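Trainee: Could we go through this structure together? I would like to start with a single side chain and then turn to the sheet.

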Amino acid sequence: VDWQAGDALRPETYAHLLPGASAVVHTIGTLLEDTEYKAVLRFRNLGGAIRSFRRSSSGVGRNPLEKDKTKGSYEILNRDAALRVAQAFVESEATTELPGPRPFVYLSAEDIFRPMIPARYIETKRQAENEIELLVVDRPAYRGVYIRPSLVYHPHVRPYTSPVAAFLDLSSVIHFKLPPGLPSPSSILRSLSPAFPTGTSPSSPIQSSPLDSVANALTLPPIHVNHVAEAICIAADNARSDMRGVLRERRVDAQAVVSPRRPLIRPGQAQGIRELGSQTVDDGHDGKSLRMIMFGKPGAGKGTLSGRLVNKYDILSLSTGDLLRQHIAEKTEVGLLAEDVVAKGGLLPDEIMLRVITSKLDYLHNKVYYSFSPSHLHLHWILDGFPRTLGQGKLLDTHLRTQNTPLTLVINLDVPDQVILSRITDRWVHLPSGRVYNMSYNRPMIDGFDDETGEPLTKRPDDNPETFARRLKQFYTSTSPLLSYYDSQQTSTSPLTKLVALSGETSDEIWPLLERTVLAAVPSLRERVATREERRRTSLSEAILARKDESTLSEDAAGRRER
């Protein structure tokens, strides 16, 4: 080992070493802003450790307004130091040819310490992850790896961590063995979490309550420091280009995490790293999760086609408008910000729109991640109404990749302009239900009236050539750069996000192409159980109705003969 001295906050002290580095591992960080806690834990000073935790959680002993300027602050040690090193690393050029991208490995953490530890600890960790990903996302020669271990223990170096680790290990085993449907301490805590505040500010990357953090701690088994070290070594291997984004330990999907149980006091072999690494990486190639957005000109049939997918398969449709209205109605922090902007007639900033979407995606992701049922491990969704601009697309991409849940599919519906214009002018709608009819290919049984209610149909105010031309121009201006952005990602032989263009003139013509594309990307996608049952009932109903129709026809025929 060749030891070199340097200051992480001063890149000039180590920048000359970076061109020769195949990888950089950043482990600088602090759990408490009173950094003396590391020494008192090492030397088994229990009283000193308690005092350090008390000072850090209460802020006693210093001016809280100076927290960003303190050398031992969360902002400096957990975030800024990592960003300085990462920036210097990506600006360096490797002096030797490497078998894969140069990784920047950042030792982060799971959200398991609140409220004992200030929320700023985990917030600064997440801020560092997001900023590092922004640095590497457009640089193919680099990749970011963010290792999120649970409680890290060592019986000799930090003996006071062993009793806590033993308790959390027992808790995780109990949670794992509880029968499905039986309330657990963690599920009860999560059900109560909406009543408690979330992050320290509306812009906080943490939008879950401290109760969620406690629930995480109760369900995630601790990990020995040696296993974390092995995870770092594997992540730093240039040949392991599949190791990118967030690597985290999880209970689900692997009995090996619990049985055979790894020892708490004596470190095991490489089993810990396999649990932390390969079982938790979701690089978008697993064929198990559909994460999709669909582009198309106004009137191209996006709503019709996504509706068919959602109705037939076990897929969630996430509408930006619906989520925004929900935030406003529930008066969440994001909702209050959005309501104020909307009330003033302004456009919502990309950051607020991103939080509207990602708060829901993160909630669903965590719900799946901490589930103990293997059938709930794969979440399929279609995003409706977002992103609309290149800036929004990049922000969404960065967020999803840091969660190791990149987009699976980007669909572009290519329908000729003239066909859409004809479709729009022939379109009639039943506003209360949203049912859409078209006089060219989907006429109502009685022109001008809804098939189910008999109520009159109306035309949308914007279904005219002038409005269509204006919306079409806006589409080309905002969406073309987005499509170019996703197209630029198709250069590799196995891109994380696949862009597919589907051409046709009607939704009926495009539907089989779309269905085949989705099933090819996610072979594990299953039809809704209700769909199969409904199909059975429908076929029976049709048979019964057919018999009634036949008897009615016979009666009519008999009546005519009598007359």
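Trainee: Is Glu 33 buried or exposed?

Mentor: The model is predicted. In it, Glu 33 has a relative accessibility of 12%, and it counts as buried because the cut-off is under 20%.

Trainee: Where is Glu 33 placed?

Mentor: Glu 33 sits in the loop that runs between strand S1 (24-26) and helix H1 (37-42).

Trainee: And which side chain does the side chain of Glu 33 join in a polar contact?

Mentor: That of Arg 120, at 2.5 Å. The Glu 33 side chain also reaches the backbone nitrogen of Tyr 74, at 3.0 Å.

Trainee: Changing topic: in what order do the five strands of the open sheet come?

Mentor: The order is S8-S9-S7-S10-S13, with parallel pairing. Strand S8 (316-319) and strand S13 (498-503) are at the edges; each has a single partner strand, so one side of each has no neighbour in the sheet. From one strand to the next, the twist averages 25°.

Trainee: How many bridges link S7 and S9?

Mentor: Three bridges, in the parallel sense, between S7 (residues 291-296) and S9 (residues 381-384). Met 292 is opposite Ile 382 in S9.

Trainee: Which strands does helix H16 touch?

Mentor: Helix H16 (residues 465-488) touches S7, S10 and S13 as it packs on the sheet, and its direction makes about 140° with that of S7.

Trainee: What about H10; which strands does it lie across?

Mentor: Helix H10 (residues 302-312) lies across S7, S8, S9 and strand S10 (409-414), and it runs at about 155° to S7.

Technical notes:
Residues numbered from 1 in each chain as written. Predicted model: local features only at pLDDT ≥ 70, side-chain atom pairs only at ≥ 80, totals over all residues. Heavy atoms only, no water. Pairing = 2+ DSSP bridges. Helix = DSSP H or I, 4+ residues; strand = E, 2+ residues; numbered from the N terminus. Axes fitted to C-alpha atoms, helices over the stretch in contact; angles between N-to-C directions. Contact = heavy atoms within 4.5 Å. Buried < 20%, exposed > 50% of the residue type's maximum accessible area, 1.4 Å probe, protein only. Polar contact = N/O pair within 3.5 Å; in protein donor to acceptor, adjacent residues only side chain to side chain.
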